[in-house]
Amino acid sequence: MSDPQPPGLPSRAAAYRVVRRVHAEDAWSPRAVDRVLRRSDLDARDRSFAANLAYETLRWEGTLDWALSRVVTRPLPAVQPEVLDVLRLGAWQLLYGVSPDRSAVGTAVDLARAEIGPQVTGFVNGVLRGLARERSRLRWPPADSDEGLGLKLAYPAWVVNEARAVFGGRTGAVLAAGNEAPGLTLRVVPHAERAARDPAGVLEARDALVDELRAAGLEASAGARAPESVRVPGGDPGVIPAVTEGRATPQDEASMLVVRALTWAVRASASPPGGAADIGGLLAGRRVLDACAAPGGKTTHLAVFGAEVTANDLHAGRSRMVGEAAERLGLSDRVTVTTGDAAALPLPPASFDAVLLDVPCTGLGVVRRRPELRWRRGPEDPARLGELQGRLLEAVARLVRPGGVLVYSACTWPMAETRDVIRLFLAIEGDRFSPIDVTPALGGSGTPVPGGHGIQLDPDRDDVDAMYLCALHRSSDAPRA
Ligand SMILES: C[S@@+](CC[C@H](N)C(=O)[O-])C[C@H]1O[C@@H](n2cnc3c(N)ncnc32)[C@H](O)[C@@H]1O
């Protein structure tokens, strides 16, 4: 968390506008950063400062609010939301930045005057001066309590409690890894015809992309887990020609591994499994349903591997995003986009060789990219979403043909959304579906989930988003009426 020679008001104003968008409009932070910075005329250093200050403020929101609530005399929810966001930006600088206190307070006051008005400057000044004074005397809860560890690592106490149940002694490491900026990862999009026939085409296209990015002065290397991945730390996808021309697309390796696992499972169901590297062509001509598809990352990956994909999403606007992604990457002829509730899709039973259910979830696995998510969820959400996920899984399972494959994935880790969903499903459908071991397709990453089925990918061990996945084979019986 560095803050060398802090830039001036314009970059702080940009950070403030990002935070406001996230809070007032429920915007996704990476999109808010993108929109605000696109409209600004900040130079590269100030842009980076603004983005970092916004992300840090969103990430540490609970801890900042805890500290602010020690010096604000009224309850924080009673503070004008715009003012509260200025206070949070200032508090982050007081608690974690390296600016002198006077400058941190002074710039927050300037920001309040410029963005809200002179009437609030006295309050902002008083609160932040109070925090600077009291900072070293704050009585933080014990660091081994859920609340204390949460405040120390920037998570709500309930998330710490859930994490302890899932990760045990690794809890601190997993939560800390969720605070590391992941950097940019691209998935190379080789020419689809070739990739569907020739697995080596994927590797050639990846190596060519690495060379191209390096020639452009970027630090680029092949990803360690998914063969089609390229790591570009510090890269801006908006200005990389391979991305703007549709030859690569931003995606975390964990998501790529879900499609790799599905491809592996289809192969394992069809014939004895071979090497993980030679699975590129195995979806050619397969009918695959991506039941919760937007924005289309996995759909387009499936299509590159030759699948005929039906890509569905609940919301028409989000379905459109899938169509646009397929168009951008030259894959429209392999993707049919639909809009509907995956719990009740008007599709004939047993009509797909494979179904991917990438569920709506708490998203705790992607907090590296969307730090605000941890504060948007509540302790009741894993069980509530787990119930929805179970219903969706049960509904789409009927669409898998006998001998076909069903893959369940969730970019999160609470057991209620991962192991328990599969456990309950198998309790009902265990005579028709059985788990498939897909570890050979995962490039050495992932940990089997204790006491159940499926694999958990984690940011601390695997340097990818935390993603749960479980592949199931449908036995070759007649479809149930
Ligand atoms: C985790 S995201 C999918 C990400 C996508 N598979 C990808 O890789 O780009 C979950 C998606 O499920 C959609 N969704 C939520 N409830 C749904 C439902 N009942 N039926 C279908 N889609 C749903 C959401 O709109 C969201 O786009």
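This is a predicted model: local features need pLDDT of at least 70, side-chain atom pairs count only at pLDDT 80 or more; totals for chains, interfaces and linings use all residues.
**Ligand site**

The shell around the ligand holds 20 residues. Asp313, Arg318, Asp341, Ala342 and Asp358 come nearest. By class, 10 shell residues are nonpolar, five are polar and five are charged. Two elements, helix H15 (297–304) and strand S6 (308–313), each supply at least two residues of this shell.

Pro295 uses a backbone N or O atom, and Gly296 uses a polar backbone atom.

| Residue | Protein atom | Distance to a ligand oxygen atom |
|---|---|---|
| Gly296 | polar backbone atom | 3.1 Å |
| Pro295 | backbone N or O atom | 3.4 Å |

How much of the ligand does the protein bury? Taken alone, the ligand exposes 610 Å². The protein buries 87% of that area.

**Four-stranded sheet**

Four strands form an open sheet in the order S2-S3-S1-S4. The pairing is antiparallel. Which strands lie at the edges? They are strand S2 (221–222) and strand S4 (248–250). Each of these edge strands pairs on one side only.

Strand S1 (residues 184–188) runs antiparallel to S4. Three bridges join S1 and S4. Leu186 stands opposite Pro250, a residue in S4.

How values were computed
Residues are numbered from 1 along each chain as its sequence is written. Side-chain values use heavy atoms; hydrogens and water are left out. A residue is near a molecule or strand if one of its heavy atoms lies within 4 Å of it. A polar contact is a pair of N or O atoms within 3.5 Å; within protein, one must be able to donate a hydrogen and the other to accept it, and residues adjacent in sequence count only if both atoms are side-chain atoms. Accessible areas come from the Shrake-Rupley method with a 1.4 Å probe; for residues, only the protein chains shown count as cover. Ala, Val, Leu, Ile, Met, Phe, Trp, Tyr, Cys and Pro count as nonpolar, Asp, Glu, Lys and Arg as charged, and the others, Gly among them, as polar. Two strands pair if DSSP finds at least two bridges between them.
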